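Colleague: I'm still new to reading protein models, and I'd like a close look at one part of this one. Could you walk me through the strands and how they come together?

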Amino acid sequence: MSRPASGRCLCGAVRFTARDLGGFGVCHCSQCQRWSGGPFLGVTVTRDDMRIEAGADSIATRRTSEWASRSRCGDCGSPLWYRFDRGEDGAGDYEVPVGLLDDANGLQLRREIFVDAKPDCFDFAGDHPRLTRAETLALYGAG
Ligand SMILES: [Zn+2]
Ligand SMILES: [Zn+2]
């Protein structure tokens, strides 16, 4: 079942659409916490499905590890996406913050990762896998 979506940053300079959203997960790693201001709630948009409709010139991308990059809007600062690119600029699927979507209702939380980096002051409800750092690294080969 396809799940078309549209979204934008806070100022609206960067706009995107996708034909089909993938899974929605939560990352508690320390980088995501600092980057997004809390747990990173990301929904997957495949590389082929992402359509940047406006604001390509406003996208500021920074390599944040040997295997991933993170982008934000250079105008308003909104986090735009994380890409597990394995070190190749512009590669990899997009993990888009749920908060950028015009309608994020109905998404299903598939998994949490790096749960041992989560502060103890909140929890996500539901019966889904909760992977520790070691389990996350074993699954993805990187963080
Ligand atoms: Zn913006
Ligand atoms: Zn993370």
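Modeller: Let's begin with a term: two residues are in contact if their C-beta atoms, placed from the backbone, lie within 7 Å. Keep in mind that this is a predicted model. Among contacts in the protein chain between residues at least 6 apart in sequence, 49% join residues at least 24 apart.

Now for the overall layout. The protein chain has two helices and 10 strands, and along the sequence they follow the pattern β-β-β-α-β-β-β-β-β-β-β-α. Its radius of gyration is 15 Å, close to the 15 Å that the globule rule gives for 143 residues, so the chain is as compact as a globular protein of that length. Along the principal axes, the C-alpha atoms fill a box of roughly 40 × 35 × 30 Å.

On to the strands themselves. Strands of a sheet pair through backbone hydrogen bonds, either parallel or antiparallel. Here, seven strands make an open sheet with mixed pairing, and their order is S6-S7-S8-S9-S4-S3-S10. S6 (59-63) and S10 (109-113) are at the edges with a single partner strand each, so one side of each has no neighbour in the sheet. From one strand to the next, the twist averages 30 degrees.

S3 (residues 24-27) runs parallel to S10, and four bridges join the two.

Next, follow S2 (15-18), which has pairings of its own. S1 (residues 5-8) pairs with S2 in the antiparallel sense over four bridges. Two places to check are Ser6, whose bridge partner in S2 is Thr17, and Arg8, which stands opposite Arg15 in S2. The hairpin of S1 and S2 has six residues between the strands, and Gly12 there takes a positive phi near 85 degrees. S2 is also joined to S5 (residues 51-54), by three bridges, and these two run antiparallel. Arg15 turns up again here, standing opposite Ala54 in S5.

The side chains of S2 are worth a look too, as they alternate along the strand.

Buried residues make up 30% of the 143 residues in the chain. In soluble globular proteins, nonpolar side chains tend to be buried together. The largest nonpolar core in this model has 27 residues, and those with the most contacts inside it are Cys27, Phe40, Val45 and Val96. The elements that give two or more residues to this core are S2, S3, S4 (40-45), S8 (79-84) and S9 (94-97). S4 gives the most, with four residues.

Let's finish on Val45. Leaving aside neighbours within four places in sequence, Val45 is in contact with Ala18, Leu21, Gly22, Met50, Asp93, Tyr94 and Val96.

Notes. Residues numbered from 1 in each chain as written. Chains lettered and ligands numbered in written order. Predicted model: local features only at pLDDT ≥ 70, side-chain atom pairs only at ≥ 80, totals over all residues. Pairing = 2+ DSSP bridges. Axes fitted to C-alpha atoms, helices over the stretch in contact; angles between N-to-C directions. Core = buried A, V, L, I, M, F, W, Y, C linked by C-beta atoms within 7 Å. Buried ≥ 20, exposed ≤ 12 C-beta atoms within 10 Å, placed from the backbone. Rg over C-alpha atoms; globule rule 2.2 N^0.38 Å.
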